[in-house]
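Here's a quick briefing to read alongside the sequence and the model. Have the 3D view open as you go.

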Amino acid sequence: MSNIFEADDSSTPLSEEEKPDLKQKWITTREELNEFEAKGIFEAQVWLLTHKANILNTRFLQKLHKKMFANVWKWAGKFRVTEKNIGIAPYLISSELKNLYDDVAYWIENKTYKPYEIALRFHHKLVHIHPFPNGNGRISRIMADLIMKRLNEKEFDWGEGSLIEISKLRKNYINALRKAASGDYSELLEFIN
Ligand SMILES: Nc1ncnc2c1ncn2[C@@H]1O[C@H](COP(=O)(O)OP(=O)(O)OP(=O)(O)O)[C@@H](O)[C@H]1O
Ligand SMILES: [Mg+2]
């Protein structure tokens, strides 16, 4: 059993300012947190089934994060204001997200990459920016799936459950993300295929 405020597996530890904002005070272990968060994420996914408006803007990202995590965190839907071991400086989040959304619109319009590569590049850049204090991995995987869906492609198979838990699969996924940071997307492409 691991404590929710320790990061031992490439998840981002919560900082002191973020801790009091846990709405469910009884939660102490990562397993309890994951399980409780999964409820909100499931409800968000049900909402997504009927959501037809544009998904490629920061407003939608914040709305989706709020839907996913509002039952657990007071800062759901709000951007990070603290530094993390992953992610860019907090004050750059808004402008970098804007660049990313401009890029992805351009890639789609000009067919710069194949649809799955567009979705994966978006996924990687979004976890790299790390807009929120927590939930970045999960929201970025959902966003990649949404992009695939909007491009009329099959959603990815992330092996979701075991990606959240500490596992070999997660280790491979994080290693593939690390490689993507140097511009080599081959392992990440292999990972979802
Ligand atoms: N070295 C890295 N480079 C890029 N991205 C990384 C790296 N390490 C972790 N990540 C990403 O950050 C995520 C963890 O961030 P965070 O804890 O905010 O998200 P999460 O949704 O709570 O995590 P998860 O669902 O993966 O447990 C990982 O799932 C992965 O997508
Ligand atoms: Mg996390």
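Met143 touches Phe122, His123 and Leu126, leaving aside residues up to four places away in sequence; touching here means that the C-beta atoms, placed from the backbone, lie within 7 Å. Bear in mind that this is a predicted model, where local features need pLDDT of at least 70, side-chain atom pairs count only at pLDDT 80 or more, and totals for chains, interfaces and linings use all residues. Residues are numbered from 1 along each chain as its sequence is written, while chains are lettered from A and ligands numbered from 1 in the order in which they are written.

**The nonpolar core**
- Phe122 and Met143 have the most contacts inside the largest nonpolar core, a set of 33 residues.
- A core of this kind is made of buried Ala, Val, Leu, Ile, Met, Phe, Trp, Tyr and Cys residues joined through C-beta atoms within 7 Å.
- At least two core residues come from each of H1, H2 (58-69), H3, H4, H5 (136-150), H7 (168-181) and H8 (186-192).
- H4 gives the most, with 7 residues.
- Helices are DSSP runs (H or I, at least four residues), numbered from the N terminus.

**H3 against H4**
- H3 (residues 93-110) and H4 (residues 115-129) pack at about 175 degrees, with their axes 11 Å apart.
- The axes are lines fitted to C-alpha atoms over the stretch in contact, and angles run from 0 to 180 degrees between N-to-C directions.
- H3 and H4 are therefore roughly antiparallel, the label for angles over 145 degrees.
- On the H3 side, the contact is made by Ile93, Glu96, Leu97, Leu100, Val104, Trp107 and Ile108; H4 brings Ile118, Phe122, Lys125, Leu126 and Ile129.
- By class, that contact has 10 nonpolar, no polar and 2 charged residues. Nonpolar covers Ala, Val, Leu, Ile, Met, Phe, Trp, Tyr, Cys and Pro, charged covers Asp, Glu, Lys and Arg, and the others, Gly among them, are polar.

**Two loop residues with positive phi**
- Most residues other than glycine have a negative phi.
- His130, in the loop between H4 and H5, has phi near 55 degrees.
- His130 is buried, with 21 other C-beta atoms within 10 Å; the cut-offs are 20 or more for buried, 12 or fewer for exposed, and partly exposed in between, with C-beta atoms placed from the backbone.
- Asn152 sits in the loop between H5 and H6 (160-164), with phi near 60 degrees.
- Asn152 counts as exposed, having 7 C-beta neighbours inside 10 Å.

**Asn34**
- Asn34 lies in H1 (residues 30-49) and is partly exposed, with 16 other C-beta atoms within 10 Å.

Terms used
Parallel < 35°, antiparallel > 145°, perpendicular 65-115°, else oblique. Contact = placed C-beta atoms within 7 Å.
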